[in-house]
Amino acid sequence: MTTPPTPAIVAQSAVRRMPRWALLLFCAAYVLPGFIGRGPWKNVDIASFGYMLELAEGRTDWWQPLLGGMAPQTHGLLPYWLGAWALQLAPAWIEPDLAARIPFIGLLVLTLAATWYGVYCLALGPRAQPVAFAFGGEARPRDYARAVADGGVLALIACLGLAQLSHEVTAYLTQLAFGALAFFAIAASPYRPMLAGASLATGLAGLVLSGAPALAVLFGAGGAALALLEARQEPQARGAFLRWAAVAALASGAAALLGCWTDVWAWRITAPGSERSWASLGRLLLWFTWPTWPLALWTLWRWRRQFAALEVHRHLALPAWFAAIALLATLSTEPADRALLLGLPALAALAAFALPTLSRSVGALVDWFTLLFFTGSAVTIWVIWVAMQTGFPRQPAANVAKLAPGFVASFSWLALLLALAATLAWAWLVRWRIGRHQSALWKSVVLPAGGAALCWLLLMTLWLPLLDYARSYGPQVRQASAVLGPAHCLSFFGFSRAQVAAFQYHGRLRLYPVTGPQRCEWLAVYPDAVGALAGVTDPAQWTLVATIPRPADRNETVHLFRRRF
């Protein structure tokens with residue numbers, strides 16, 4: 001069967017290279033905000049940090065860590081080890097929460113780099129290359145691959161769901177990074193087999209140790225199956241593909257054995273229980289993966305003849321497999337957004353291959369929607385910041401006071417200058433994009449990526465004090481500490497892992513379950529557990545001293561009891 005012609009028609013003038021300094025600065029402006037300058041946030045972020053502190057300070061076992069007598073909710077221990085090692089190696093002048101984030105900064109950088117190189121290798125494939133012109137002038141293979149790879153990493157940065165989850169010290173970021181590394185490994189296997197094999201083994205092992213053994217096995221098995229199909233399709237390279245299939249199968253089997261040895265296999269399959277659940281999943285898919293999902297669908301549509309030819313096109317099959325596995329995990333496991341996070345690099349890769357086929361009208365539609373959405377969002381962030389600083393306009397200021405009672409705005413020249421620089425850069429980027437002379441292949445995703453980076457940086461500078469106040473347990477713990485005085489021991493009942501970690505870190509307290517042998521002067525109880533308190537201790541021994549609300553959520557009020565001696 002004859003292979004249909006590629007739908008990509010790209011001239012050499014359209015594959016102008018994005019300046020490396022610009023791309024690196026772009027990535028830095030996205031990666032660093034959210035890691036630097038903030039405190040640990042609820043829920044998973046502070047809980048993971050709590051386990052890291054326990055490990056670093058030698059108060060729990062490295063293979064069975066406990067926090068307040070509770071084991072981690074996620075089975076993978078690698079993220080806790082990374083944070084604990086960073087805490088142990090960091091100098092004393094670095095705040096512990098920042099020190100724990102340093103390896104996770106590297107993991108997000110790894111995600112972006114692996115996505116870029118993975119898309120680059122896929123775009124180098126002969127079946128991904130654009131149509132050859134009769135008289136020359138088509139894009140050269142490596143220049144075309146670089147331009148598509150630039151578009152892929154920009155599409156990943158543009159994903160709305162990536163921002164917060166990729167800046168937390170959790171197992172989900174380690175899964176994202178090692179999943180992206182496995183994606184790169186399979187994509188690079190025809191060109192750098194030794195590096196690809198080592199990367200695949202590392203990626204799958206990292207996934208297992210981060211609590212995702214099933215995904216590791218499926219990703220590895222997909223790489224082996226792809227190589228077998230290509231061996232059948234490309235007789236001249238049959239030996240190389242068969243060798244790679246064996247490597248991928250071996251890595252997949254080793255990942256399964258590693259999962260058994262570390263005891264991280266767990267049955268966590270769930271199913272949406274109502275139409276509302278399906279509706280919420282639909283909304284999640286729509287906004288979390290924006291703007292990659294419409295571009296990915298466009299890719300599948302424009303390259304549909306390649307699928308119809310029943311031939312393997314690795315630049316389509318590989319990201320489609322990774323995205324399908326992540327989508328299946330999203331539909332069948334909880335939390336759904338964390339599972340969907342792993343599919344973003346693959347969706348970005350699919351979206352990148354839409355760029356050579358976009359018509360001018362579709363590109364203009366993407367640009368105008370992005371321009372209106374992100375410019376409006378940035379203006380809203382600025383207006384509310386001005387209201388927090390000056391009290392005008394009155395309504396936004398009143399809304400902040402209502403949602404975060406007790407919050408006192410602070411001013412930072414550094415935050416203001418960074419926000420102004422980002423806003424001016426956005427204005428320049430918009431001006432560049434609307435210039436009719438611009439023909440870069442990646443131009444249709446530069447505004448979505450720039451808008452996402454702009455709004456994230458504005459939130460992490462102008463709104464950071466407010467977000468820290470609203471998303472942290474710090475204000476509540478400080479109020480509780482004023483009541484507790486010099487106490488260093490606190491019994492608790494009904495606390496989550498995040499709440500235990502918050503009281504231990506912000507309050508410099510040691511927390512013990514009220515059912516344990518430790519006898520503390522004070523007892524902290526959350527409202528939902530007050531009714532069951534009589535079942536674990538004698539209420540006559542305790543006197544209610546204070547009720548401390550969490551300013552941003554009255555449902556998380558803590559009751560402080562003092563022992564009657």
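Here are a few friendly notes on the sheet in this predicted model.

1. Let's begin with the overall layout. The sheet is open and built from 5 strands, which follow the order β2-β1-β3-β5-β4. Its pairing is mixed. From one strand to the next, the twist averages 30°.

2. Next, the edges. Which strands stand there? They are β2, covering residues 510-513, and β4, covering 542-550. Each of these has a single partner strand, so one side of β2 and one side of β4 are left without a neighbour in the sheet.

3. For β4, the partner to look at is β5, residues 553-563. The two strands pair in the antiparallel sense, and 7 bridges connect them. A hairpin of 2 residues leads from β4 to β5. Another is isoleucine 548, whose bridge partner in β5 is valine 558.

4. Strand β5 also pairs with β3, residues 522-525. These two run antiparallel and are joined by 4 bridges.

5. In the strand order, β5 sits between β3 and β4, with 7 bridges to β4 and 4 to β3.

Key
Residues are numbered from 1 along each chain as its sequence is written. This is a predicted model: local features need pLDDT of at least 70, side-chain atom pairs count only at pLDDT 80 or more; totals for chains, interfaces and linings use all residues. Side-chain values use heavy atoms; hydrogens and water are left out. Two strands pair if DSSP finds at least two bridges between them. Axes are lines fitted to C-alpha atoms, for helices over the stretch in contact, and angles run from 0 to 180 degrees between N-to-C directions.
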